[in-house]
Amino acid sequence: MSFYQTYRPKKIAELDLFSVREVLLSSLASGKISHAYLFVGPRGSGKTSAARILAQIINCQENQNKSDGFSEPCGQCESCQVITKGSSVDVIEIDAASNGLVDDIRELRERVRLAPVQLAKKVYIIDEVHMVSSAGFNALLKTLEEPPEHALFILCTTESQKVPETIASRCARVNFTKATIEEVVGSLMKVVEGEKIEADRETLQEIAEATDGSFREGHKLLEQIAAFGKKIDRSILTRILGTAGRPSVKRLLEAAISQDTELVIKTFDEMEKTSAKAPVLATSLLILAKTEMENCIRESRSPEMYLKLIDSLINAADKIKISPLPLLPLEIALLSIEGDGHERSKPSKTESPLTEDKPAPVKEISDNKVTQKFSATGLSIEDVKTGWGSFLGYMSESNGSLAGMLRLVQPMYVEGKAVVFSVTSRFQQEMLEREVKRKVIEEQMARVWGPMTFRCVLTDKIIRTQPSLEDENVAPVDDGVDTVQGVMLTAEKIFG
Ligand SMILES: [Zn+2]
C-alpha cells in the first residue's frame, strides 16, 4: 500500500485540513448529518478520505440508535471493518469521469430504493460529479428530491461551477481548500513518524512547497524520496523535487532578475524535458519573489522589480490552464522583467499577448489638464508635490513598510478631494488601497494637506516628467516617458 493509503486519516479529527475538520466535527457533535453532501475542492485535498469516514460514522455500530451526537468510527465493529476493506456492497463509489455512467445513474434511481443489505445505511460516493451527463443529473435530482431514509449521498467535485444549482442546493456543501504548507508538513509528519524516516522539518517544508497544496502529491514525493533510504539524502531530494526544489527555483529567479536570458531559456528547456508542473513552479516562484520583495522593503532598497515580477507571475499563473504549453506563460513572465535603466526599445515586447491591457498613460496625462481645474479643496498638484517630502516623513514614523511603498508612487494630479497616484503594479495598487492601509495613509495626508483621499492609477512606468502634449517638437521616445506612450504619440503623428 502507498503512504497515502496507509496514512489516510481514519477519523474526522485526523483530517489534515483545519477548516473541513472543524465543520465536520461540529456536525458530528450536533448529531446532524445531512442526507446529501457536496464536497468541493482540488485534487488530493482529502475529499474521498472524508467521504469514507462519514460512511463509517453513520454505519458504525456505536452510533446506531443514538439521538444526541455521533462519535468517530470505532474502527473495530463489523461495519467499520468492511468499509475499511472497501468490500461492502452498501458503500457504492462511482467515478463519474469513467464511461458508462449514465446507465449507472439511471439505475441508481431504481436501486437506491432497495434497503441496504449489510449496513445500516447505503452510501453513494460519486467522484467528479460534474462529469455526469444532463440525463444523469436529472435522475440524480429526482433521487435527491425524495431521498430514502436509508441513503447518504456524498458528491465530490473539483469544479463546482459545473454542478447544476438544483443539485447543489439540495446538498450540504463542504469546501476543501488547497492545503497550506503547514498542513502538508503536518500530514507528512505522521508518515515520517510511522515509517521512522529521518527527515528534518526543513526537508518536509521543502517537499510541501513543491506540492501545490495537495496532500496526495506530498505523500507521493516523500515515498519516492524515502525509497532511497530512511535517512533523507539532500542530493536525492534535489533530484526528485527537480525544478520545483528550492535551490533551482532560486537560481532561476536570480537569472531572471539579473536578466540572464540565456540561462532562463536553458532552464525552461530542461524543465520541459522533466515535465515540471507549471502551477507548482508558479507558487514556488511567487513565494520566493514575495520574500525578496519584503527583504527589499525592510532594507530600504527599491522593491520595484519584484513588484512587477509578482504582478506578471500572477497574470502568468492565470494563463497556465489555457496554455497548450503550461510553462510558457511563466517563461515569458521571467524573460520580460525590466531592470532600472533597461528601457525597452521594441514595441512588440510591450504588446506581449500574455500581459493584460494596461491603461495608456496618454489618457491620464491629458486627464491631468482637465481634472486639475476641478480640485475641490483648492489644493494644486504643486502643493502636493511641495508637501510630499514631509508626508513621506510622517509616513515613515507611523508605518515604515508602507512608507517604502509610497516612495515608489508619483502624485500625478488632484481630482476633487483625491490626489491621484501613479503606480506601476497592480500588487502595489491593491496594497495601498486596502482599507486598513488607506486609513493610515489618509491620516498622514491630513497632517500635511488637510482632509484628503487618494486613488491609484496603473501606469507602465512612473512618469517623472510630464511633457506637454501640445508641443509638436517633443520627441516622445526620449522623454523618459514610457515607450507605449511614445509609440502611441508617434502613431498619432503619422496617422493624424
Ligand atoms: Zn464501528
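This is a predicted model: local features need pLDDT of at least 70, side-chain atom pairs count only at pLDDT 80 or more; totals for chains, interfaces and linings use all residues.
View 1. Residues are numbered from 1 along each chain as its sequence is written. Strands (E, at least two residues) and helices (H or I, at least four) are DSSP runs, numbered from the N terminus. Strands β1 and β5 (residues 172-175) run parallel and are joined by 4 bridges; two strands pair if DSSP finds at least two bridges between them. Strand β4 (residues 151-157) also runs parallel to β1, with 5 bridges, and here F153 stands opposite A36. Of the 5 residues of β1 (residues 36-40), 4 are buried, so the strand is largely enclosed by the rest of the structure. A residue is buried if 20 or more other C-beta atoms, placed from the backbone, lie within 10 Å of its own, exposed if 12 or fewer, and partly exposed in between.

**View 2. The hairpin of β6 and β7.** Strand β6 (residues 410-415) runs antiparallel to β7 (residues 418-423), and 5 bridges join them. The hairpin has 2 residues between its strands, and G416 in the turn has a positive phi of about 60°.

View 3. Axes are lines fitted to C-alpha atoms, for helices over the stretch in contact, and angles run from 0 to 180 degrees between N-to-C directions.

**View 4. The packing of helices α12 and α13.** Helix α12 (residues 246-257) packs against α13 (residues 261-273) at an angle of about 145°, with the axes 8 Å apart. Their crossing is left-handed, that is, the near helix is turned anticlockwise from the far one by less than a right angle (clockwise would be right-handed). L252, A255 and A256 of α12 make the contact with L263, V264 and T267 of α13; residues are in contact if their C-beta atoms, placed from the backbone, lie within 7 Å. By class, this contact has 5 nonpolar, 1 polar and no charged residues. Ala, Val, Leu, Ile, Met, Phe, Trp, Tyr, Cys and Pro count as nonpolar, Asp, Glu, Lys and Arg as charged, and the others, Gly among them, as polar.

How values were computed: Two residues are in contact if their C-beta atoms, placed from the backbone, lie within 7 Å.
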